[in-house]
Amino acid sequence: MNRHFLGDTAALLGRSLRHIGRSPDTIVTTAIMPIAFMLLFVYVFGGAIETGADSYVNYLLPGILLITIASGISYTAYRLFLDIQGGIFERFQSMPIARSAVLWAHVLTSLVANLVSLVVVVGVALLIGFRTGMNVLGWLAVAGILVLFTLALTWLAVIPGLTATSVDGASAFSYPLILLPFVSSAFVPTGSMPGPVRAFAEHQPVTAIVDAIRHLFTRQPVGADLWVALAWCAGILVVAYLLAAVAYRRRIS
Amino acid sequence: MTLTLRQPSMLTGMDIPSATQPTPEPAIHVRGLEKSYKDLRVLRGVDLDVARGSIVALLGSNGAGKTTMVRILATLLRADAGTARVNSLDVATRAADVRASISLTGQFAAVDEILTGRENLVLIARLRHLKDPGGIADDLLARFSLTEAGGRRVGTYSGGMRRRLDIAMSLIGNPPVVFLDEPTTGLDPQARLEVWQAVRELAAGGTTVLLTTQYLDEAEQLADRIAILHEGRIVVDGTLGELRRLLPPATVEYVEKQPTLEDVFLTLVGAGTEQGQR
Ligand SMILES: Nc1ncnc2c1ncn2[C@@H]1O[C@H](COP(=O)(O)OP(=O)(O)O)[C@@H](O)[C@H]1O
Ligand SMILES: [Mg+2]
């Protein structure tokens, strides 16, 4: 590792965090759609959905949190794309800095921004009746899963950020990610779905992650779900990281 | 246009021996550099030396390959063939060391619009691992008449201010070799003069400057030597005086007139060939 890696990453992280501080609307925008979904499902559809849970908002929140992350990470692709377009990316590349610091700064920025958005969403959920008897350890476990999921999706977002040819292209990739929770156990139990859809829903990462967080929220034993969820996150993280590294090498050579 | 001479064939490819070749190892040393984008052969064997502390203008039409050349020298692009050394360091094998001895001001101002001018400078100073980034930023703001604007977001700056900030950012850490890619393209005349002044100050401080330009007057004004890049090669390289001497003094009907650099350029390049290359 380059001996300047930490200092360079810190300098560039400070820059990106300033960007966010000066346009906090990105955090609000990230949080608004998931909050709208949450209100819609709790107050409009929720009464008709049979989940077996004591309150629908308790059932719904894990999926909403994942949607928040899926919409938040598109800003990473967007910011990276703008850096490349604006030429500042090349300026950094022509300087004697640790080269991976440029990407890590964007990734860590995404982590900070998404955590803030998640806190906002959880705050609204508490206002409309979300309750959990989780202890500190439970919260830490949930936070750990969400951090890992955010890192995995952010590295995924780095790829279009580096390769896109237009702003729209850079952010469009996140739409399927936002839709993924709808075909999972996030809103309705998978048991109510027809065969092939159910098979897909039960074997895609969102269901495992949602179930793991839901069990933590309700203080049930998490069991295998947790490991499946962690394996998915780690797997996506590793693959996305490697692909991003390839895209980066292409971009800078 | 006052092109009165038409003897292009004997001039093309002519080499002007340099009268003053000061140090054995120039700041920039390029031999046989080649680069193609798929079928498009942009550089076809470029040779160029830039003496330490001098300003050399790389002159060429739009699409001649100036940016390509600068990006190779700044380690942003790999050449297909040939060698290039900057500050005695090979750009291909010692890229990281080359980056420590250069700075690049790209064709389009590479500044952060959301940060203030001062924050931009502090950021670069931190990335160059210098002590007292704040002090360096304040010095440069003063030097480039940006002190008042320093606390404003760059998004509110005029084109000239942006370019000045861009160049100021390039000077942080006093890199011995500076590349300026079309530093005044798109600027109004006043801003142009400001940039020229900044470049002159740079060179006065001993920095080697390689600047690219499509403007003949810019090359005339700033450069110690001028290299004309055409069809993938440096077709001529010399001082303004040497370039002028390439063309015999014009024997026009009424007045004897020194050929301008424009005459030399158009004679060498051919007035009509630069179309369709952009
Ligand atoms: N990445 C690229 N891919 C394909 N062609 C390119 C690329 N970059 C530049 N070119 C082409 O190479 C030629 C030289 O470009 P450039 O070096 O930018 O010229 P200049 O800076 O002198 O205007 C142009 O015809 C341009 O279209
Ligand atoms: Mg160019």
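A polar contact is a pair of N or O atoms within 3.5 Å; within protein, one must be able to donate a hydrogen and the other to accept it, and residues adjacent in sequence count only if both atoms are side-chain atoms.

I noted that this is a predicted model, where local features need pLDDT of at least 70, side-chain atom pairs count only at pLDDT 80 or more, and totals for chains, interfaces and linings use all residues. Residues are numbered from 1 along each chain, chains are lettered from A and ligands numbered from 1 in the order written, and side-chain values use heavy atoms, without hydrogens and water.

Entry: the two chains.
I counted 11 residue pairs in polar contact between chain B and chain A, both residues at pLDDT 80 or more. I also found 5 salt bridges between these chains (a side-chain nitrogen of Lys or Arg within 4 Å of a carboxyl oxygen of Asp or Glu). One of them joins Glu119(B) to Arg18(A), with the closest N and O atoms 3.3 Å apart. I looked up the contact (heavy atoms within 4.5 Å): chain B supplies 28 residues and chain A 24 residues.

Entry: ligand 1.
I listed 12 residues around ligand 1, and Gly63(B), Gly65(B), Lys66(B), Thr67(B) and Thr68(B) are the closest; a residue is near if one of its heavy atoms lies within 4 Å. An oxygen atom of ligand 1 lies 2.8 Å from a polar backbone atom of Lys66(B). For Thr68(B), I read 2.5 Å between an N or O atom of its side chain and an oxygen atom of ligand 1. Tyr37(B) has a polar side-chain atom 3.5 Å from a nitrogen atom of ligand 1.
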